[in-house]
Amino acid sequence: MASTQTTPIVLHADQEHAGLRTAVFILLFVTLVAAFFGIQALLTALSDAGTPDYAFVASCGGALPLALGLVWLAEKVMKQRWPSGRAIVLTPDGVQTKAAEDSLVTLSQKSEVESVAWYFAMRGWQRGGRERRVPRTWLCLAVELKAGKKRITIYTYLSPLQARSWLDVDNGRLQFHKISPKDVYDNSIRSRMKGPSRPDIPAAVLTGADGKYWLAERRRWTEGFELPPNAFEQFLDHIQATLKL
């Protein structure tokens with residue numbers, strides 16, 4: 001695929017950043033309280049005998065779905081207008097990272113860029129944080145680009161239907177290798193009682209056939225840039241056109 005891009009395109013990463021999650025939590029609480037009293041006031045205004053007996057139950061039942069709906073809409077708007085400060089920039093001859101604190105990393109056609117692509121299912125292991133909010137039926141797809149000591153890790157969460165075209169072995173695109181979190185995550189009852197945490201990857205796994213993928217996965221935990229599905233596909237198309245991967 002030939003690239004006709006002449007100006008950089010910014011793909012904002014990590015849309016569900018800590019600031020946004022905190023704001024959503026506070027907004028949900030405020031909206032829930034406001035919806036409760038708003039519905040109660042409306043029912044009182046519509047009644048000729050003051051506040052009806054069913055007002056409390058009706059307010060409780062109506063406040064939650066109303067608040068969730070309003071916060072869902074507000075969150076979608078905030079994701080578009082409140083970026084995390086971390087982004088992937090698609091340049092005419094490659095890619096560049098943009099982070100609030102870290103130094104920039106640039107990979108271009110002049111670099112000898114190597115890639116590692118992998119994926120795994122979101123079910124069958126103890127998830128935490130952002131991963132807990134992803135549907136269990138979805139997949140995580142990730143790509144690491146490396147040139148010398150410079151490295152970029154990008155990933156997304158996709159439904160099986162969305163991921164199908166990228167996981168087809170005959171698609172002529174990057175080949176994603178499947179890894180299994182069950183190989184490294186402790187799913188015992190004792191571990192579940194402690195709560196989710198990142199595991200120590202066994203040496204046998206790191207030295208095995210999937211070792212390079214687990215090393216990249218471990219870097220994803222701390223260095224990865226999460227893109228929305230559409231932006232991730234745009235990124236993949238771009239690197240294959242510009243970096244010839």
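How many bridges join strand β5 (residues 114-121) to β6, and do they run parallel or antiparallel? I started my notebook with that one. I count 8 bridges between β5 and β6, and the two strands run antiparallel. A reminder to myself before going on: this is a predicted model.

**Entry: the strands around β5**

I picked out one pair to look at by eye. Ser115 has Leu145 as its bridge partner in β6. Then I checked β5 against another strand, β8 (residues 177-178). Here I find 2 bridges, and this time the strands run parallel. Trp118 is the residue that stands opposite His177 in β8. One thing to keep in mind while turning the view: side chains in a regular strand alternate between the two faces of the sheet.

Next I looked for salt bridges over the whole structure, and the search gives 7. I went through some of them in turn.

**Entry: Arg86 and Asp14**

Arg86 pairs with Asp14, and their closest N and O atoms are 2.3 Å apart. Where do the two residues lie? Arg86 is in the loop between α2 (55-81) and β2 (87-91), while Asp14 is in the loop between β1 (9-12) and α1 (18-46).

**Entry: Glu144 and its partners**

Back to β6, because Glu144 sits in that strand (residues 139-147). Which residues does Glu144 form salt bridges with? One is Arg151, with the closest N and O atoms 3.7 Å apart. Another is Arg219, at 2.8 Å from N to O. Arg219 belongs to helix α6 (residues 211-223), 75 residues away from Glu144, so I noted this pair as a link between distant parts of the chain.

I then checked how accessible these residues are. Glu144 is buried, at 4% relative accessibility. Arg151 is partly exposed, with a relative accessible area of 25%. Arg219 is partly exposed too, at 21%.

Note on methods:
Residues are numbered from 1 along each chain as its sequence is written. This is a predicted model: local features need pLDDT of at least 70, side-chain atom pairs count only at pLDDT 80 or more; totals for chains, interfaces and linings use all residues. Side-chain values use heavy atoms; hydrogens and water are left out. A salt bridge is a side-chain nitrogen of Lys or Arg within 4 Å of a carboxyl oxygen of Asp or Glu. Helices (H or I, at least four residues) and strands (E, at least two) are DSSP runs, numbered from the N terminus. Buried means under 20% relative accessible area, exposed over 50%, partly exposed in between (1.4 Å probe, protein chains only). Two strands pair if DSSP finds at least two bridges between them.
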